[in-house]
Amino acid sequence: MSCYSKSLLLSALLALSTLVSGLGTSCSAPLGSGTAAPSDPYWLQTVKHQGTSAFNSDPSSYQVFRNVKDFGAKGDGITDDTTAINSAMSSGGRCGGGSCNSSTVTPAIVYFPAGTYLVSSAIDTYYYTQMIGDAKKPPTLLASSSFNGFAVIDADPYIPNGWGAQWFSNQNNFYRSIRNLIIDLRQIPASTSAIGLHWQVSQATSLINIVVEMSTASNNNHHGMFMENGSGGFMGDIIFNGGKYGIQVGNQQFTVRNLTVNNAATAVSGIWNWGSHTLPGFTFQGVTINNCQVGFDLATGGTTTSNQTVGSEAIIDAVITNTPIFVRSSVASNGQLAGSLVLNNIKLSNVPTAVGVAGGTTVLAGGTTTIASWGQGNVYSGTGGSKNFVQGNIVSANKPSVLLDSAGRIFGKAHPQYASYAASQFISIKSQGAKGDGHTDDTAAIQNVLDEYAGCKIIFFDAGTYYVTDTITIPAGAQIIGEAWSVIMAGGSAFSDQKNPRAVIQAGAANSQGVLEISDMVFTTAGPTPGAIMIEWNVHDPSGQQAAAGMWDSHIRLYSQCPSGSVNTACQATFLGIYLTSGSSAYLEGTWVWTADHDLDTPGSSDISIFTGRGILSESQGPVWLIGTSEHAALYQYSLVNAQNHYIGFAQTETPYYQPSPAAPAPYSTASSYNDPTFSSSINMAWGMYIQSSNNIIIFGAGFYSFFQNYSQTCLTTNTCQAQIFNIDSASNVIAYSVSTIATTYQLSVSQNGVIRSSDNADGFQETFTAWSK
């Protein structure tokens, strides 16, 4: 591993030593910085593991945490550890192998202590798995010179002789995370095709602190990552050194933060954003490319469903050095939309061509310069619905300083892993009396731990399902981390009345300030709970500590065995997913608010009809960073009301499949106290995003999708599944870049009057506009 790569990883991890404010009763001074000695293993290795899977057929014996060395791996760089690692991955009747579509009852952490693990064939990953390496000394997976497999880590293996069949459905390949690993392909001959990561995944997935080392020989055939399909997803703090491709990707949508590619022939190869049921866009936030031949090489020009290429690419805050071509498209646009491109705050150093076309045509000259805001595609403003094809400078968003780091880039914060902390600085929720068995009421036990240890210890939710029947208040100052997505499940009469909604999780008291970190958790309900607000987020960053209040790789999952096609009051799951109150700030990265459309725990993943009222409501004055998705709520997926200073990465939504039967807002009612949108006979389906009286809102990539009318897809071919899906009122100040829609008549409306017609913006399976401003 290069010194450069080591220093990036170490600095990212050690930067997570944050001060907390707000103290539990067990201490008189805050936790402060970590006390682990440099020689100590990462705390996750030595902490007591008592996690369980509450609804596994044998929860008492099922093993959640698996140290690969306990399964025979040596990590000495000499012994072939492939069999041992795959045994750690698969033991216990887990979901994989091609015979299981999905499952939430066989979760696992496959843990790698520091070392070098020689592998001679693929590590095939099972459903609901976190692969985690020692965050202090990231271990290496070293592919042997005779490596024989599709990829070193394979998230969706192809079945031998299966005619293209794979273990999982690519658009339903949820709940995966890989962290703190170095993948080394350099023992494989440079001329041999080799892939570090086959990452064909969907929502609730992440790559964090990953380095892939590849050959730097001319014309080598090493690929850092290959992704041919899926519906993601987030990845961040990832480094690719060498190779033919740093990453070669095609997916429905993805957000990528802090990507570095050094010495590759092509840093990023975009093969498509829409394949077989995959969709339209990538947002790249924070990109560093050094000494490559091409930065982004994009397959473009496909504007029909039979000829699908890259729908939209949005790149913000990039530094490109000593690379002849920054962005190259496969075909020229010839004066019309042929794949949307947005470039914002791009710093070039010795890059002769900023944007070009394969074959040599220069669209935008480079050099050593900065591109402030440039686009290629159809641009709109105000209420004028006439498209304006632009291949040049476009409107530049006003970026409030509270959203930016010291270098003027959109601020980003790595997933907290507490690498410098000792195991003694954590407190286990189960050791303090919580059961996590999915049945026992753990409300009091959890609240007692938070009241006693917030700010004093990092609170470790051992794997399990914690049933609660009243509001859990998390004080400002608390730092919470789960194990393989520990679950808090709400139920009972406290959450039964949609006219008197009640928070399940209250993150900070009203108008409180302090550090509050939540990672690796899932929040759900045991319905009916039509009055549940899953997370009411009140806490605000302390002065001078950006993104001190945030949530990482944590999700809301709402589902039960409710057959599709009927309205059943027992299947009303929540009033609201996440509520960011006016006094709050929030950094939400990789957060999926999902009202399930199918059952993850039945053979065949049968369709279900779950009803939730609302997705994410923000009244926050900011700063707010949203990198995540919200799907299938009855009224809206995102609502911003009197909000300010928001950066939204790739926002992806889907309208409920059952609508308009019943029509929105049914089976819920509108609530004026929550500033709900109004509905009518012509506007009778959920909004993807609805913005009222809000300012300084930057949307950098979005996909608002409407696939069905009452489970029928005949409307897809005519773009009539939904009339309007994205609304901004005339009082708001919003800039939207790289917005794609599916099967809607209008892509954007102002005050519920349609403005941008989807028929003007065909872009493959989707329709895309490049920019809109007031």
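Predicted model: local features only at pLDDT ≥ 70, side-chain atom pairs only at ≥ 80, totals over all residues.

Biologist: How many helices and strands does the protein have, and how compact is it?

Modeller: There are four helices and 53 strands. The radius of gyration is 24 Å, close to the 28 Å that the globule rule gives for 774 residues, so the protein is as compact as a globular protein of that length. The C-alpha trace spans about 65 × 65 × 55 Å along the principal axes.

Biologist: What share of the contacts joins residues 24 or more positions apart?

Modeller: Among contacts with a separation of 6 or more, such residues account for 73%.

Biologist: Where does Ile182 lie, and is Ile182 buried or exposed?

Modeller: Ile182 belongs to strand β9, residues 176–184. Its relative accessible area is 3%, and because the cut-off for a buried residue is under 20%, Ile182 counts as buried.

Biologist: How should I read a nonpolar core, and which residues touch the most other members of the largest one?

Modeller: The general idea is that in soluble globular proteins, nonpolar side chains tend to be buried together. In this model the largest nonpolar core has 180 residues, and Trp537 and Phe726 touch the most other members. Strand β23, residues 340–357, gives the most to this core, with seven residues. A second, separate core has 22 residues, including Ala108, Tyr418, Phe426 and Phe460.

Biologist: Which residues does Trp537 touch, not counting residues up to four places away in sequence?

Modeller: Among them are Ala507, Leu516, Ile518, Met551, Tyr579 and Leu580. The list also includes Gly550, Thr581, Ser584 and Ser585.

Biologist: How should I approach the backbone, and which peptide bonds are cis?

Modeller: The background is that most residues other than glycine have a negative phi, and most peptide bonds are trans. Here the bond from Gly527 to Pro528 is cis, with omega near 5 degrees. Pro528 is in the loop between β33 (516–525) and β34 (532–537). The bond from Ser661 to Pro662 is also cis, again with omega near 5 degrees. Pro662 is found in the loop between β45 (651–654) and β46 (687–692).

Biologist: Where does Asn675 lie, and what is its phi?

Modeller: Asn675 is in the loop between β45 and β46. Its phi is positive, about 55 degrees, although Asn675 is not a glycine. With a relative accessibility of 29%, Asn675 counts as partly exposed.

Biologist: What is the phi of Tyr711, and where is its place?

Modeller: Tyr711, a residue other than glycine, has a positive phi near 70 degrees. Its place is in the loop between β47 (695–705) and β48 (726–728). The relative accessible area of Tyr711 is 23%, and Tyr711 is therefore partly exposed.

Definitions and conventions: Residues numbered from 1 in each chain as written. Heavy atoms only, no water. Core = buried A, V, L, I, M, F, W, Y, C linked by side-chain atoms within 4.5 Å. Buried < 20%, exposed > 50% of the residue type's maximum accessible area, 1.4 Å probe, protein only. Helix = DSSP H or I, 4+ residues; strand = E, 2+ residues; numbered from the N terminus. Contact = heavy atoms within 4.5 Å. Rg over C-alpha atoms; globule rule 2.2 N^0.38 Å.
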